[in-house]
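Please read the following explanation alongside the sequence and the coordinates.

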Amino acid sequence: MPGPAAPLGEFEQVILLAVVRTSQNDGEAYGIAVYDELVARTRRRVARGAVYMTLDRLEKKGLLSSYLTEPTTERGGRARRCYRVTRMATAALRESRHTLDRLWEGLELGRS
Amino acid sequence: MMDSPILDSIAGDLEEERRRRAAKSSAAARVWFWRAWLGIRIYSVCQRIRDVIGGLGRPGGRGEWRATMRSLASAPAYSLTSVAVIALSMGLATTVFAVVDGVLFKPLPFTRADELVVIRPFHHDSSQDGPSAVSPNDVVAWRAALPDVPLTAARVPLGAPSARIPIGPEINALQVQTADIDADFLRVLNVQPMLGGLAPDSFQVTSNGLPRSALLTYALWQTAFGGDPHVIGRVVTITEQPRVAFEIDGVLPPSFVSPTRVDAQMFFATTALLPGALSRRAYQEVIARIPRGQSTEVVRQRIEAAMSSVPPDPRAAQWAGTLLARQTAPYDRATIVPLGRYVNGWQERIALAVFAAALVLVLLGGVNVSGLVVARGCQRARDIVIRRALGAGTLTIVRFVFAEVATIVVIGTAAGVGLARPMLSVTLAVLPFDFHPLKSVAIDWRVAAFAAIAALLGAVLMTVAPARRALGRSIAIQAESTAITRRQSPGSRANIATQVALGMTLAVGGALIVGSLIDVWQEPVGFDRRAVAISLRLRRAPQAGGVEDVAAMLERVRRVPGVESAGVMDAMLLQNAMQGSQVEPPASIQATDVGGVPITPGFFDVARPTLVAGRYPTASELQAGTALAVSSMVAGEFWPGAPAVGQTLTANGATLTVVGVVEDARYMSWDFAEGVIYEPYSTLGHSRTPNLFVRGVHGADPPIADVLAAIGSLGSWVQATRVDPLDELLAQSIRDRRFNAWLFGAFSGGALAIVLTGLLGLVAMTAAQRTREVGVRMALGATPDRVVGLLVRETAGAVVIGIVSGGLVSIWAARYLKASMYQMGVYDPRLWTAATAAMLIAAGIGAFVPALRASRIDPVRALRVD
């Protein structure tokens, strides 16, 4: 498992941010909600499998933690698996942002 | 790949979304659901494959694996065939290993298991085979004689699972095998329950209305109670009559296995093992722990000495000729059998034979894939020659070949283990009741280890032949030197003939067993299968008022809403046993073995046997005992050439007129049609094994709970003991046949695929060795179809020899399958058509595909092969 300093991949960052946003907006960041938030914000087509696999991988890396809600009939008697970002993820996200900020500092790209 | 809890959550997410979308269009929502679900699964599998392949290509693998994968991808037919054969044979072997591991290899999971023995008594003048029907008096006497040898008794009901635990709708209750145990059971086995336990007073409650104390096995706790940790103290009532309530007092550890010959899942604390408590439907097993240092022979002699002190039970005469008589009579001989051998002894040889057969198939599969790799090596001669010319050493060439073989074996084994899961589910569903492995049958680490070791050995063995060829003289030179005149060698032809013969034998055996099962399935059973049968126990014989009592019960049951009709038949239903008739055959018949089925009014309304002539007896005729119906077989036997309707028979002095002839029925077993006399229940004189047949309105399931309640309200003279849909009983009656069909079917299918690969490999190798010859022939004007004909003809002779010799072996071997045959004889034309067609198709594909490839070769390229 990578330590807290391990850099995040682009898609991992996107997923982590989508989890944070969904948690703040709806309270429960589960698969479909995270996927919807991701598609709405990034405006790009993403494979659902990629979202679920990344959520799973981030949890195994310790960047997300998950909990199960009560099973409901709308879900065929299954529970929701909701995700929360961990402290390690918050630190990694901040570090990623600072890295990008430092790289952008003083740069002006002309229109291509 | 993702874990199952994650997949479960994803399924929940998709279901939630589907329901939202279903508000617009439910069909579109369903399509969306499946697309999304499959998309996620495929993505996850692809990702996994990418991870694995990426991992192989890392610096440690020096790019060899990537090259191998590219090489395999360039020959998809070869790669897929090889992987499929390895997957099939490994799947079969892994499934068989998962089952037999518990029987052959796993030690009994008890502390100092070698001390545990079963004491089996017998009479000096009888065989010691059969159940150990130990009398409770014996148990007491032996215990007194052996104070230094801990001893316990377990009583196990005979036959199919004996209790039903409610886990849903009543008719779907879980069938559970129970056993009664005494207070020393856990102490002798040295087992501690995982949860709870039995208190000494648990063994004192028997019939004062309090629930009985019960221990559950871990598997039952998981299945019926979802592994609920608060299950201790819960009172559960068995769904059938008598509605015995039991309190769950403990859960046994996962490693526990029932030390009884039938695999019990629930153990009742009982005092019923004490003298006086006898049962006609159970037998007792006595398990002892002989401490190390004590002589088994001395213990045996002490038991025999104690046997003489057991007085004969005064009731023995009453039960003459029954199992109970053996339980009540004193024994005078004893044998001591190690517990492991006692539990599994009869299964060991079968398990060993099946396992050996599976290993032979794996070996054959490996040899054939090795042949394919050799053939491919011939085709890639130029590649290998170039590598050698560039300085590749022996190790490099071996590694080159091994990488390819190992990749095929690893992918094939992974697919095989994946295939083993559904195969194992099917195997477990068809296992006979009395199959009793010593561990839960599952794809666990032991099975995975077996697959890994088999794969490693297989990969190494499969590398030997191709590597030897690659390292020998240049394959191209070999090809050149043998080019023009070489035909298939006698060894190759013998190999083809042997493989075809083996395939033919297995195909005939498989077709015989599977075909017999299909024939049984297609047999009409002679009664309507949609009814439900409720076994009854009548506490007093229905003489005098008995018949009226049964009639009153039927009236009560028919009034239950949802019940269309109900009737009683008094015969052992689908238990492979026949009961004689009370009706005397005509004077002209010396001896007959027709079955008697005493019936009440209403029975024909439920069972609806097909009428061949006449009519059903009416309710009043059955009540008065003046009319009966017979089945076709009885009519033909009693009155050959004459109409049966109108004939008379006598029973207990009364004259009865035959008013109808119906089709023969299968009340013993689905695979046995018997001649039946449907005689009035009133002529029976006493109750034997009554079964209440109930049919729901418009073919729906009858309301069993209400029917049981109605029976329960009649008082203690009648008790329902089992509830079985007739379809289920019919299926159970041929359980052994289903198991054999699955076993033979799987092995035959595996053998056919393996033979096909063998032929593919051998013919491909011959074709590759003759590339130059083919090129010359084609350059001189030979057409592709002539080339195909030439190569196929060379193989055809060996195939025909294989089919004929395999057929002869099958005819000889069929005698050992007689018990599993049904109507279908070994000379049945359908059997030979199916088996020969299967072999010809397999051999045809095996010979034709490589021949076709050879015929498509460019003559210029072929002539440059060296």
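In chain B, α4(B) passes α12(B) in a right-handed crossing. A crossing is right-handed if the near helix is turned clockwise from the far one by less than a right angle, and left-handed if anticlockwise. The model is predicted, and local features need pLDDT of at least 70, side-chain atom pairs count only at pLDDT 80 or more, while totals for chains, interfaces and linings use all residues. Residues are numbered from 1 along each chain as its sequence is written, and chains are lettered from A and ligands numbered from 1 in the order in which they are written.

The axes of α4(B) and helix α12 (residues 394-430) of chain B come within 6 Å and cross at roughly 45 degrees. Axes here are lines fitted to C-alpha atoms, for helices over the stretch in contact, with angles from 0 to 180 degrees between N-to-C directions. The angle makes α4(B) oblique to α12(B); angles under 35 degrees count as roughly parallel, over 145 as roughly antiparallel, 65 to 115 as roughly perpendicular and the rest as oblique. The contact of α4(B) with α12(B) holds 15 nonpolar, nine polar and no charged residues. In these classes, Ala, Val, Leu, Ile, Met, Phe, Trp, Tyr, Cys and Pro are nonpolar, Asp, Glu, Lys and Arg are charged, and the others, Gly among them, are polar. Two residues are in contact if their C-beta atoms, placed from the backbone, lie within 7 Å.

Helix α4 (residues 76-105) of chain B also meets helix α13 (residues 445-471) of chain B, where the axes come within 10 Å and cross at roughly 140 degrees. That angle makes α4(B) oblique to α13(B). The crossing of α4(B) past α13(B) is right-handed. On the α4(B) side the contact includes Met90(B), Phe97(B) and Asp101(B), and on the α13(B) side it includes Arg446(B) and Phe450(B). By class, this contact of α4(B) with α13(B) has eight nonpolar, one polar and two charged residues.

Chain B as a whole has 26 helices and 25 strands. Helices (H or I, at least four residues) and strands (E, at least two) are DSSP runs, numbered from the N terminus. Of the 866 residues in chain B, 45% are buried, a residue being buried if 20 or more other C-beta atoms, placed from the backbone, lie within 10 Å of its own, exposed if 12 or fewer, and partly exposed in between.

The largest nonpolar core has 163 residues, and Val500(B), Leu628(B) and Phe693(B) are among those with the most contacts inside it. Such a core is a set of buried Ala, Val, Leu, Ile, Met, Phe, Trp, Tyr and Cys residues joined through C-beta atoms within 7 Å. Helix α22 (residues 735-769) of chain B gives the most to this core, with 16 residues. Apart from this core lies another, of 51 residues, including Ile119(B) and Leu252(B).

Chain A touches chain B through a contact that takes 17 residues from chain A and 18 residues from chain B. On the chain B side, α1(B) gives the most, with eleven residues. By class, that side has seven nonpolar, five polar and six charged residues.

Within chain A, the axes of helix α1 (residues 10-26) and helix α4 (residues 87-104) come within 11 Å and cross at roughly 120 degrees. α1(A) and α4(A) are therefore oblique to each other. Their crossing is left-handed.
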